[in-house]
Amino acid sequence: MGDQVLLLLIGFGLTSVLGGALGFFFQSRSWSHQHRVQQRDQMHEQALKVFEEVSSALDKRLYRMRLVFWAAKRCARAGADLSALRDALDDYRKTVAEWNDNLNRSLALVQTFFGGGARQQLEDHLYEEYSAIGRALDEFVREVSRSGHADVPVPTIGRRLTWLGHEVYALNLQMLELLQQDKLGPDAPAAAPAQPNATPLLQFGSQGDAVVALQTALARAGEFRAPVDGGFGRQTDEAVRAFQRSAGLVEDGVVGAATWNALSAGAARHPLARAAG
């Protein structure tokens, strides 16, 4: 009888311990699952706020650039009233100041929540094009403002702004898809390896080493006589158009693969000129 009672007590103790351990195990798993769900929901909520902030900033600056361009275009005729252009410029400059204040913060937030791929698209593609079009727009406004009694040719900024709008839309879609698929934070796509571009697309407002190479090539072709400064301004634009005319290319001022190839072919045909450069 005593042995049976002892066995019952031992069995009861083991059952209690085992039951408690199993209960603790399953409860811990439940808590861990709830914690992961909460973390995912918080990540999703924060990523959505980042998307709305970045998307709004991109759209806001793009629209202000359009307003400035439309106002400058109306003022390109001699004797036009510049008051509407000044108002558009004031609003645009405030937007640019706000943009610059949040530039690195926006990049860091996109990197954190949407990964290196989205950050690369924003920094290396969109930011660069915003800057290039902004420089072209500034130059157009300066020409309109000091033109006096002469008409000013209207550059192809409107077409570039339309293209930029499509690129902003593509980035918005990319971030929304990551939100929808819950590929956020550490699960977001990494940046793609940088690919060298032998024929960079250049146009009014571009700047940097590629523009230096372009100006040097145009000078060797006898079309560019201004200082080589790495800035694609009016003189570079005119030299590009003159070279495109002489080479039988589309005269659009855009330096793509066809123009680069024609410049390279011209340099190959004139090795003495290349050596002298």
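**Notes on an all-helix predicted model**

1. Helices are DSSP runs of H or I with at least four residues, strands are runs of E with at least two, and both are numbered from the N terminus.

2. A word on the ground rules. This is a predicted model, in which local features need pLDDT of at least 70 and side-chain atom pairs count only at pLDDT 80 or more, while totals for chains, interfaces and linings use all residues. Residues are numbered from 1 along each chain as its sequence is written, and side-chain values use heavy atoms, with hydrogens and water left out.

3. Now the overall picture. The chain has eight helices and zero strands, giving the pattern α-α-α-α-α-α-α-α along the sequence. Of its 277 residues, 36% count as buried; buried means under 20% relative accessible area, exposed means over 50%, and partly exposed lies in between (1.4 Å probe, protein chains only). Among contacts with a separation of 6 or more, 67% are between residues 24 or more positions apart, where contact means heavy atoms within 4.5 Å. The chain exposes about 16,600 Å², and carbon and sulfur atoms supply 55% of that area. Accessible areas come from the Shrake-Rupley method with a 1.4 Å probe, and for residues only the protein chains shown count as cover.

4. The core deserves a look. The largest nonpolar core has 61 residues, and those with the most contacts inside it are Leu58, Leu85, Phe114, Leu122, Tyr130 and Leu214. Helices H1 (2–74), H2 (83–101), H3 (103–145), H4 (157–180), H5 (209–220), H6 (234–246) and H7 (257–269) each supply at least two of its residues. The largest share, 15 residues, comes from H3. A nonpolar core is a set of buried Ala, Val, Leu, Ile, Met, Phe, Trp, Tyr and Cys residues joined through side-chain atoms within 4.5 Å.

5. Leaving aside neighbours within four places in sequence, Phe114 is in contact with Ala47, Val50, Phe51, Leu109, Met175, Leu178, Leu179, Leu184, Ala188 and Pro189.

6. Asn172 lies in H4 and is buried, with a relative accessible area of 11%. Not counting residues up to four places away in sequence, Asn172 touches Phe51 and Ser55. Leu173, also found in H4, is partly exposed at 36%. Together with Tyr169 and Leu176, Leu173 makes a nonpolar surface patch of about 290 Å². Patches are made of residues with over 30% relative accessible area and no salt bridge; like charges are joined within 9 Å, and nonpolar side chains (Val, Leu, Ile, Met, Phe, Trp, Tyr) within 5 Å.

7. Two backbone spots may interest you. Asp182 has a positive phi of about 55° although it is not a glycine. Asp182 sits in the loop between H4 and H5 and is partly exposed, at 33% relative accessibility. Gly248, which follows H6, also has a positive phi, near 75°. Within H6, the buried residues include Arg234, Asp237, Val240 and Phe243.

8. Finally, the charges. There are 13 salt bridges, each a side-chain nitrogen of Lys or Arg within 4 Å of a carboxyl oxygen of Asp or Glu. Glu139 and Arg142 meet in one, at 2.8 Å from N to O; both lie in H3, three residues apart, about one turn of the helix. Glu139 is buried at 15%, whereas Arg142 is partly exposed at 41%. Salt bridges that share partners also join Glu143, Arg234, Asp237 and Arg241 into one network. Glu251, partly exposed at 37%, pairs with Arg245, the closest N and O atoms being 2.7 Å apart. For Asp41 and Arg40 the corresponding distance is 3.9 Å; Asp41 is partly exposed at 43%, and Arg40 is partly exposed at 44%.
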